[in-house]
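Biologist: I am new to this structure. Could you walk me through the helix packing and the chain contact?

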Amino acid sequence: MQNEAKLLAQLKLDDSKELAYKTLIKRYKENLYWHIRKIVIYHDDADDVLQNTFIKIFKNIDKFNGDSKLYTWMYRIATNESITFLNSKAKRNKVSNETLNESAIQNLVADVYFEGDEIQLKLQKAIAQLPRIQQLVFNMRYFDNIKYKDMSAILETSEGSLKASYHIAMKKIKTYLLAD
Amino acid sequence: MILNKANKNSPFKVPKDYFKNFDTDFFIEQELKNKVEKTGFKTPDGYLNDFNVSIPKISKVNNSQKINNKYSIYISGIAAALVLLFMFSLPKKDNKEVSLESLESYLLVEGNQSDLLSNILTLDELDDLHTLNVSSSEIENYLLHNASIETLLID
């Protein structure tokens with residue numbers, strides 16, 4: 001936390017800004033990449049969104065007033081960028097978001113950047129059946145073990161509601177996995 | 001003894017079905033995590049090590065934005081002046097269309113003019129006008145010698 005405060009201070013000073021940006025990218029690129037990747041599925045799309053996310057972070061860092069943690073603020077930007085990207089892609093392809101999501105999962109078997117086994121593929125299919133908020137909550141909790149408190153700051157939703165979403169998502173996934 | 005009673009009547013509550021859900025979530029999660037712990041996604045070799053973002057020069061961008069803003073005020077001012085100029089100098093399309101109400105009120109007001117032929121001439125004289133044969137050269141001569149061009153233009 002202290003490191004984060006120091007980094008933030010450096011990001012706001014002209015002299016230390018450039019070096020601080022490099023540190024920021026180095027520190028958070030991996031976590032943000034995997035967070036984005038789980039939302040947009042394809043590597044190339046995740047790469048585009050990650051680039052946009054960092055550019056947005058740089059452009060808006062002066063507006064960040066420290067009310068929340070720097071990392072939850074960045075996760076919020078990454079989440080919004082991912083959702084905006086998917087909405088634009090669906091619009092461009094003239095399909096619904098659900099259809100886009102479904103086709104991404106169907107194409108996962110042929111994706112060179114997916115090396116999951118049968119159960120991993122099935123889990124991705126189960127996640128794809130969930131409403132978007134449940135997908136986000138499940139991925140953040142199950143794979144990244146993000147605390148509900150932080151998740152609440154990222155998704156701007158109450159902790160109680162997020163816990164309920166996770167519980168429902170878990171039950172749906174279990175039902176889906178046991179169906180076959 | 002007193003402590004036992006206090007425990008039984010604890011003022012704390014938990015959300016409905018909390019313990020039931022806790023067990024369910026915990027066991028399903030553990031069961032699933034034994035089978036799947038990772039997503040299965042991977043990146044191209046060395047992608048994350050090589051990842052970089054071309055850092056925009058924020059401070060310079062801000063300065064140029066300030067300059068642009070300054071110019072944009074002038075440009076907006078000029079544009080607004082041009083719009084006003086065109087608004088007042090060009091005839092409105094709406095003028096071409098005359099509503100029935102306007103036409104009616106025009107006829108009512110203008111119809112009372114005392115210099116209308118119908119007010120000056122009798123019915124017989126008006127009938128004679130239909131048979132009046134005057135050549136264009138005669139009209140031209142009359143106007144040349146009797147009418148004032150300035151007065152006609154003003155009228």
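Modeller: One definition before we start: axes are lines fitted to C-alpha atoms, for helices over the stretch in contact, and angles run from 0 to 180 degrees between N-to-C directions. Keep in mind that this is a predicted model.

Biologist: How are H8(A) and H9(A) oriented to each other?

Modeller: H8(A) packs on helix H9 (residues 159-179) of chain A with the axes 9 Å apart. The angle is about 105 degrees. Angles of 65 to 115 degrees count as roughly perpendicular. H8(A) and H9(A) are therefore roughly perpendicular.

Biologist: Which residues of H9(A) make the contact?

Modeller: H8(A) brings A:Tyr148, A:Lys149, A:Met151, A:Ser152 and A:Leu155. By class, the contact of H8(A) with H9(A) holds four nonpolar, one polar and three charged residues. From H9(A) come A:Glu159, A:Leu162 and A:Lys163.

Biologist: What is the orientation of H4(A) and H8(A)?

Modeller: Helix H4 (residues 70-92) of chain A and helix H8 (residues 148-155) of chain A have axes that come within 8 Å. They cross at roughly 50 degrees. That lies between the limits of 35 degrees for parallel and 65 for perpendicular. The pair is therefore oblique.

Biologist: Which residues of H8(A) does H4(A) meet?

Modeller: The crossing of these two helices, H4(A) and H8(A), is right-handed. H4(A) contributes A:Thr72, A:Tyr75, A:Arg76 and A:Thr79. In H8(A) they meet A:Asp150, A:Ala153, A:Ile154 and A:Leu155.

Biologist: Which helix gives the most to the side of chain B that touches chain A?

Modeller: The contact takes 19 residues from chain B and 28 from chain A. Helix H2 (18-35) and helix H4 (58-89) of chain B each supply at least two residues of chain B's side. The top contributor, with five residues, is H2(B).

Notes
Residues numbered from 1 in each chain as written. Chains lettered and ligands numbered in written order. Predicted model: local features only at pLDDT ≥ 70, side-chain atom pairs only at ≥ 80, totals over all residues. Helix = DSSP H or I, 4+ residues; strand = E, 2+ residues; numbered from the N terminus. Parallel < 35°, antiparallel > 145°, perpendicular 65-115°, else oblique. Left-handed = near helix turned anticlockwise from the far one by under 90°. Contact = placed C-beta atoms within 7 Å. Nonpolar A, V, L, I, M, F, W, Y, C, P; charged D, E, K, R; others polar.
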